[in-house]
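Here's a quick walk through one chain, written for someone who likes to know the cut-offs. Have a look at the model first, then read on.

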Amino acid sequence: MAPDELARVAFRWYGGAMTFALLQERMLRLAAWLRQETGVATGDRVLVCLPKSPEAVVALYGTMAAGGVYSPVQYQDSADRLNAVAASMQPKVILTSRPMAGQFAGYSSRLHAVDLAAEGTGFEALTSSSKPLGAPFAVESEDLAWIIHTSGSTGEPKGVMLSHRAMAANVEAMQQRDRMSTVDRRISHAPLHYISAFDLLFPLVSGVQIYLLPEKEAMFPERVGEVMERERTTIWSSSATALRLLLERGALAARDLSAMRRISFYGEAMPMATLRQIMAALPHVEFVNHYGATEADLIASFPVPRPLPETMVRLPLGWPADKVDLTLRDAAGNLVPDGEIGEICLVGPGVTSGYWGDPVLSAARRMPGIAQSHRTGDLAYRSADGILHSAGRTDQMVKIRGQRLDLGEVEAVLRLHPLVRDALAVAAGEPDLTVKAVVLSERGHDLLAELDQLCRRRLPRHGRPVRITVLAKFPQLATGKVDRLALRQRALA
């Protein structure tokens, strides 16, 4: 970078900023410390448990500059879930804050806690004796870069592996979609452990300035709206739920958002009535429906037309991104013709390398003989104009407030209780999905408190049932099999 480029601000947060020069110095210093003091080598995992903060940015860039594999986990998650991920990953290093250090039982030799009180300087005490590397450590394009954990049907989080090649392809695809440049200001809204948080890499390819929005602030739409207005945000991207809450509680119509040019949303279906209201409140803004997955991020997108046709009752997934070869296939792997429903299958440089420590699942999700491929589990059909339209799932995966959840994970966790013989989880509700469950047990309602504690320890917040019903016997069909439809209705009643 030229001196004038290094002087520009890459990241901002409330009360502070980090230039490209400062980011470069702290990144290379942390990378040197990771390699020289902790022994991190190419391919070693670095588990990061930090809030959205300048320290988290340095941890991300420093890990990649050291050739390590960056793996963020949910900050302030339960000790059970954090240790389950650590046991699977066997990280060389765990970077976290002092308050969270006690959550990682048995990993004291690999644990390094930083002080977040003085924002932006948390790593200085650890790395003060390290001389910064002259440049990022050289890696191969197929070396692992990130491992992101997502919901799995076994009751344990599964790690999605992404190579440097995949991350570069995803960043480039987003750059092309949003046409980012040095004049743009963007809010990093997604939690650090989501694949969407790779927006923290955007300054490198476009010079866009990123505002770091902490998870606690992101929970309050009025606060998000204030930041949008104050920071003169030009691009915003988050879940459809977050956008709806901005309309309902963020006072969008009353704010000066004249700098905003583009809003993209993803995760769950956007209610059309809500979208019409938001578009009316922001008549100068482009809106884009974004369809993606942790395993490939941007898969397809649909620029929302103005005016929105009255006949449109649901947004399509859109046109496939250039970085993927997208086909629709039946259960046997055969291509389906236009107009017929098939599973969305992907081949391309931005696709996952597989699942960490699970070669069986990795192989099951690939197309035969193609390493860089993925069967998404999403069903769709292609209309005559080439646009993809959603048609459901092949499994129990749902999206809740933009976060992926396998209902099989909820059921598996409930079955861990020794007095539970079976369990069924469902997700329903408008406009927000919630999880409800039915369990089979002789014990009765006094079991509920124990099940609630079990779910708090083992499930992500968005996956915890809002209600659990205990039955001594599941309804049966005349054949003697469990009546799953009646059981589902009981769970939703």
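## Strand 17 and its partners

Strand 17 and strand 19 (residues 373-382) run antiparallel, joined by five bridges; strands here are DSSP E runs of at least two residues, helices are H or I runs of at least four, and both are numbered from the N terminus. Two strands pair if DSSP finds at least two bridges between them. Within this pairing, G342 sits opposite A380 in strand 19. Strand 16 (residues 325-329) also pairs with strand 17, again antiparallel and over five bridges, and there L328 faces I344 of strand 17.

Buried means under 20% relative accessible area, exposed over 50%, and partly exposed in between (1.4 Å probe, protein chains only).

## Where the numbers come from

This is a predicted model: local features need pLDDT of at least 70, side-chain atom pairs count only at pLDDT 80 or more, and totals for chains, interfaces and linings use all residues. Residues are numbered from 1 along each chain as its sequence is written, and side-chain values use heavy atoms, with hydrogens and water left out.

## Strands 24 and 25

Strand 24 (residues 434-440) and strand 25 run parallel, with five bridges between them.

## A closer look at F11

F11 belongs to strand 1 (residues 9-13). F11 counts as buried because its relative accessibility is 0%. Which residues does F11 touch, leaving aside neighbours within four places in sequence? Its contacts (heavy atoms within 4.5 Å) are A17, M18, L23, V57, Y61, L200, P203, I210 and L212. The C-alpha atoms of F11 and Q209 are 5.8 Å apart, although 198 residues separate them along the chain.

## The whole chain

Zooming out, the chain has 15 helices and 25 strands. Its radius of gyration is 23 Å, close to the 23 Å that the globule rule gives for 493 residues, so the chain is as compact as a globular protein of that length. That radius is taken over C-alpha atoms, and the rule is 2.2 Å times the number of residues to the power 0.38. The C-alpha trace spans about 75 × 55 × 50 Å along its principal axes.

Of the 493 residues, 58% count as buried. Among contacts between residues at least 6 apart in sequence, 65% join residues at least 24 apart.
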